[in-house]
Amino acid sequence: MSAKAISEVKGKQLLAKYLSNTIAPVHVANFSNGVAWDMLANSNPWMATQKLVVKPDQLIKRRGKLGLIKVNADLAEVKNWVEERFNKEINIGRAVGKLNNFIIEPFVPHTQQDEYYVCIYSHREGETILFHHEGGVDIGDVDAKALKLTVTIDDQLKPSDLSSKLLINVANQQRKEMLANFITNLFETYMDLHFTYLEINPLVITEDRIYILDLASKIDQTAEFLCKSKWGDIDFPPPFGRDAYPEEAYIADLDSKSGASLKLTILNPKGRIWTMVAGGGASVIYSDTICDLGGADELANYGEYSGAPSEQQTYEYAKTILNLMTKEKNEQGKVLLIGGGIANFTNVAATFKGIVKALHEYSTKIIEHNITIYVRRAGPNYQEGLRVMCEVSKSLSIPIHVFGPETHMTAIVGMALQKREIPVPSKPSMTTANFLLPNSSYDTSETVEQKTRSASTSGETASKSKEVGDFVSITKEDVKPLFNEKSKCIVWGMQNKAVQGMLDFDHVCSRNEPSVVAMIYPFTGDHKQKFYWGHREILIPCYKNMADAMKKHPDADVLINFASLRSAYESTMETLSYSQIRCIAIIAEGIPEQLTRRMIKLANQKNVVIIGPATVGALKPGCFKIGNTGGMLDNILMSKLFRPGSVAYVSRSGGMSNELNNIISRNSNGVYEGVAIGGDRYPGSTFLDHILRYENEPEVKMIVLLGEVGGTEEYKIIDAIKSKRITKPLVAWCIGTCAKMFTSEVQFGHAGSCANGDAEQATSKNASLKEAGAYVPNSFDDLGDVIKNVYDQLVEQNLIVPNAEPVPPTVPMDYDWARELGLIRKPASFMSSICDDRGQELLYAGMPITEVIKEEMGIGGVLSLLWFRKRLPKYATKYLEMCLMVTADHGPAVSGAHNTIVAARAGKDLVSSLASGLLTIGERFGGALDGAAKQFSEAYDAGLSPMDFVNKMRKEGKLIMGIGHRVKSVNNPDMRVILLKQFATENFPMTPLLNYALEVEKITTSKKPNLILNVDGAIGVSMVDLLRNSGCFTMEEATEFVEVGALNGIFVLGRSMGFIGHFLDQKRLKQGLYRVNYDDISYVLPDKI
């Protein structure tokens, strides 16, 4: 979404900041929920000393006419006036809402002659300034009265034009000069802050001061990355009659942090019909169909999720919808429509995983609230997604009706509203696997017909074409198509998956060579990327600089720009400097409108066609496709996109373009060419641009238009039909017919989908198109039927002659995709049972990292999961942490610390120095934990008494691991051991091995006082007690952990902290290279050899 209305308070604060030298000082105060009058008056002392004006600040038009302004009042009167209305419901038109936000400002005494009207609004060609020398509530029809001045893109506003064209009715010369100066500065601020609409009525001039009394404005939200510091904190209030819900804010926050598109508008929280629709265009069509079938009053929400959201994002979105649905019960139950068109690149199964997760979480409430779910989806891996949905229905006992592309997109709406029967889902005739496996046979059972031969080749067909379509046949030589079977392109961005999809399309279309000749990626040096061309591998060059790519590939005339919204403008403008490029596709959504219009202006000057922004691209079956258009190969084959048909279409929506591919292929001989011009307010090329191309293409026999609410582009098509510039049969439908049924304004998924007048309503457009002679269905549900009827007429009249269906060449399936579909298996090179990083969230032994943090498991808890694959009891994890603390360091003299210090002083890095210290750990230093655990547990398990064990080790000439210390003794005990013993005896269920070791210590210390149980021994035997007696492990598992060296890991992990500390200490102290003193070396060389 781009143009969004802001509050009057915020608008005036912005103008006050940037027009401080032009207008009188602006004082505004805002009263809303949670604001105390005393605090408001204290922070705005002018309120107590001046007469005031107060009015609601909730995007309400014509407040003066509605009696919603109180003027010339003192603070007490303002307070009484507000409190009489605060949180009270009122009706404004069809909208019902509460007044809960007010703007208060000083009253400006003036006369009617002091009032003026000023408005600036943006459009495709530039900005138009409206001015009228009379302003105020009684101004009337502004469009008819106001003088207008248009400033085209990148042109400067000339003060002379203001005086000669706008201000000619201002008699007072001083005021005329003031107005000229004000409007000039206002226009500069308008452009600098990326406003899209700004209306001041009235603008008041008294003596030498200019006052902005009433302001309505919109800004381009997509320019936030350019203007954040200029705007400051900014909120976008909902239209009057619709409350702002925290769930909407939550989804908006998710959307702002995602490359996907997530939208949610709550229309009626008590409604029984809820939607979760993939795609901006599809979401509008579902709302249309619900309203067409009488469900407008029960429609609870509008929203969309699209752009390949992750599993976690889809889960959060679905969870939000389900939470809203289950707040209140409805006697009739509720329905959830999980719908969408045929995805181009979104992995349907992956997104459904998030939905399934939410369904599991809310399964009990879904049953309690009697919710029925209807699913219709298609696209990459949709078969797996639908299968999972069916399984969930069975396992959770939730009524879920599941359908794929064989069912019309909006058919589930009629089922949910009991307007049509729920059919038994037919088994799909083709699956992803059947389509793509090399040995599969191509199924032509669903084909209507295929390739046509030009009707203009026979006089008979030409005459009939006049009767049916009244269009003139043109030879191929008259037309230069946008794409052909030899088109070559350069891709900007490291979009390997999209490029591979294009190459697979090329191959299945039997092209002789790849359509992608190069890639541009400025973040790496020149190199080559490997791709598949059918069965063999090829290399495609990737360049750091665009100039190199253009110079080395002069035959490329298309650039596909996958740059982000922040860099798409610069890369597109650079592309336009190369004359070889005829067409640029801009994929990014959300490019600031000012930048978009500059691109369009320059492209028009250079005769370059821009497709987008905010598009998936375009496609010409059998020739060329842009990026992810048309989806994966299974859909390309199912929709017969590997060869040309006779129907050309144009739409705004990229997702709906793929649905049109499906609808057209099922009701005609298929698509000749399709373009999604993009969902932003200013697409680079228009509906009419492409329809006129189709009109001049001899092989195009009929045209399909999918327009939408907002804008006036469809009226240009109507004019072209009336003037006979368009003569071929045109099937047209404008989506967004539901907009007039809503009581408050709703911004649909596309930035351009918002009507600013009755003429921009979808219903008005559809009626006008029908009146002009286009074939207009009654609803989107009937679009396929109308296409089929028109197509059948053309076939009957021999304008289209079917040919036999060809068999496309096979394309091997990529290994990764085949694995995801479950078509193949292969032995893994590695196995891991402790951690999984493949999903949205990191898992430790199956436990999400967010849960690990949320439950404050600590380092001990993480060790229990990663080392032992168990969630150990609290005392056990605390003991692990205690072991790490007591083993962290034992001074700089021990061998490991010494080695670390020497390496650090030799200039080695942290990892090298740490490794140097760790390599000293063994039986003589720090590595006795496992040995002590083995020796003591074997003796204990064998039934040896402590004395027998000591004697046995002496006879075998072995040291008892874990016994003895160089410094500590019975008389100078090691406090670390005392702490460990105390914790174990107080918290462990049993400590038999620790008790056994302490008995051994009594025997060894009786011979020598320093033969005590040391830290290694204490940890070793106590860990065996923990493993054996915690109830989490079998005896075999406990023994295995000792055998594989898990206990030594405790010392290694703990002591690493100390080694790192010594490394940092030496670096901090800036110690130089260490050399051993001669005094520390005993030289014992032989006298003679």
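This is a predicted model: local features need pLDDT of at least 70, side-chain atom pairs count only at pLDDT 80 or more; totals for chains, interfaces and linings use all residues.
Student: Which residues of helix α19 are buried?
Tutor: Helix α19 runs over residues 568-575. Its buried residues have cover from elements that include β20 (489-492), α18 (546-552), β24 (558-561), β25 (583-586) and α20 (593-605). The buried ones are Ala568, Tyr569, Ser571, Thr572 and Thr575.

Student: Is Ser685 buried or exposed?
Tutor: Let's find Ser685 before we judge: its place is the loop between β30 (671-676) and α23 (687-695). Leaving out residues up to four places away in sequence, Ser685 touches Arg124, Val609, Ile610, Ile611, Ile677 and His690. The cut-off for buried is under 20% relative accessible area. Ser685 has 3% relative accessibility, so Ser685 is buried.

Student: Which residue's backbone oxygen lies 2.7 Å from a polar atom of the Ser685 side chain?
Tutor: Look among the residues that Ser685 touches, which include Val609, Ile610 and Ile611. The backbone oxygen at 2.7 Å from the side chain of Ser685 belongs to Ile610.

Student: Why does Thr1005 count as buried?
Tutor: Thr1005 sits in helix α36, which covers residues 992-1005. Setting aside neighbours within four places in sequence, Thr1005 is in contact with Val970, Leu1011 and Ile1012. Buried means under 20% relative accessible area. Thr1005 counts as buried because its relative accessibility is 18%.

Student: How much area do domain 5 and domain 6 bury between them?
Tutor: Domain 5 spans 833-871 and domain 6 spans 872-1069. Their C-alpha centres lie 26 Å apart, and 12 residues of domain 5 are in contact with 17 residues of domain 6. In domain 5, Trp867, Phe868 and Lys870 lose the most area to domain 6, together 54% of what that side buries. Of the area buried between the two domains, 72% is on carbon and sulfur atoms, and the total is about 1100 Å².

Student: How many residue pairs are in polar contact between domain 5 and domain 6?
Tutor: The count of salt bridges between domain 5 and domain 6 is zero. For polar contact, with both residues at pLDDT 80 or more, the count of residue pairs is four.

Key
Residues are numbered from 1 along each chain as its sequence is written. Side-chain values use heavy atoms; hydrogens and water are left out. Helices (H or I, at least four residues) and strands (E, at least two) are DSSP runs, numbered from the N terminus. Buried means under 20% relative accessible area, exposed over 50%, partly exposed in between (1.4 Å probe, protein chains only). Contact means heavy atoms within 4.5 Å. Domain bounds come from an automatic or database domain assignment. Buried area is the accessible area (1.4 Å probe) that two parts lose on being put together, summed over both. A salt bridge is a side-chain nitrogen of Lys or Arg within 4 Å of a carboxyl oxygen of Asp or Glu. A polar contact is a pair of N or O atoms within 3.5 Å; within protein, one must be able to donate a hydrogen and the other to accept it, and residues adjacent in sequence count only if both atoms are side-chain atoms.
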